[in-house]
Amino acid sequence: MNVIDDAVLRREWVVALPSAQVNETPKHINLFGEPVVLWRSEGTALACRDLCVHRGAALSLGCVRDGALVCPYHGWVYAADGTCIDIPQLQPGTPITKKARLTSFGCTEAHGFVWVNLDAPQTPMFPLEGTSDTNGHHVIWGPRKAKAKPPRIIENFLDVGHLAILHDGFLGSSEQPYIPQYQVHRTATGYSSDEIHVFQPNADGAGRPGMVSYTYDMIRPLTVKFLKRDISTGRQMSIVLTVRPENTSESTVYGLMSFDYDTGLEDTELIAFQDRIFDQDLPIIESQKPEDLLLDLQLELSLQCDRVSIAYRQYLRELGVTFGVV
Ligand code: FES
Ligand SMILES: [Fe+2]
């Protein structure tokens, strides 16, 4: 199994699934190459290694009974804290060895998602000011899979220079590719950019052209955000992009879109628009070589307008991230 042993990232809260998908039918995800089962016990979302301690069957193939997770193979039953509380093959009343317990992971719900923390479950979940905490309309986009590591995916999201070229006619115009000067600033959590002005033919999928400003924010190494403001109307939308490394070569991407205005579109249309944009990004991201982000800034050519990307690389270096960077 391609386990990712990045000690920094394994202490992060990583997106697992939208909250609504974590229920009494156990679900399997991969996280850092580890199999994880998610389920809900008396309203609480829980995460454990998706591996029965008896014969290694995937517990995600089992079921939840009275708030406990039941292995599909021989029916061992695990309580919410991971301890085995019933082994059907034993005579009733036989004590169960304390060794019969699952590896539990940190699990919490926030911003419409369930998040898992493998190695630092006591870490407080990070806030997302100005998005899901505020009034407005929120739409979950994803999951989308990418044969790429998170830093390349996130850097693409933070890349303002490609909007006019790769997303010509949507998020930019190839006739107006110039990016004005801007600065990046250190924040409490990462880096954020000044407002960067861009002309967009179709900013949100509703087909309205206009000048918008982008402000990019690094919240955590696997979670970033932009806030987009329409210069003439003041209307704002944001997207929080968050990426789960499945294993050493694949990732799953989610977005939390928030609008402080009525787009006039159905959620399915807003999602379809983001899918269309991501369909343009994905082959590029999967083509990039090396697959790892180069932390040595001398190894690739950068422009002034790449300052957000450069800051993201700087941020990963400061945090000591080792996976997906070189
Ligand atoms: S493998 Fe799970 S109970 Fe036997
Ligand atoms: Fe893009």
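**Strand S17 and its surroundings**

Strands S17 and S18 pair in the antiparallel sense over nine bridges; pairing requires that DSSP find at least two bridges between two strands. The model is predicted, with local features needing pLDDT of at least 70 and side-chain atom pairs counting only at pLDDT 80 or more, whereas totals for chains, interfaces and linings use all residues. Residues are numbered from 1 along each chain as its sequence is written, and chains are lettered from A and ligands numbered from 1 in the order in which they are written. Helices (H or I, at least four residues) and strands (E, at least two) are DSSP runs, numbered from the N terminus.

Leu241 stands opposite Gly255 in S18. Five residues separate S17 and S18 in their hairpin. S17 also runs antiparallel to S16, joined by seven bridges. Here Thr223 faces Thr242 in S17. The hairpin of S16 and S17 has five residues between the strands, and Gly234 takes a positive phi near 80 degrees. Eight of the 10 residues of S17 are buried, so S17 is largely enclosed by the rest of the structure. A buried residue has 20 or more other C-beta atoms within 10 Å of its own, an exposed one 12 or fewer, and a partly exposed one lies in between, with C-beta atoms placed from the backbone.

Helix H1 (residues 150–157) is mostly covered, with eight of its eight residues buried. Its cover includes S16, S17, S18 and helix H3 (307–319). Contact means C-beta atoms, placed from the backbone, within 7 Å. The buried residues of H3 include Val308, Tyr312 and Leu316. H3 is followed by Gly320, whose phi is positive, near 85 degrees.

Methods: Contact = placed C-beta atoms within 7 Å.
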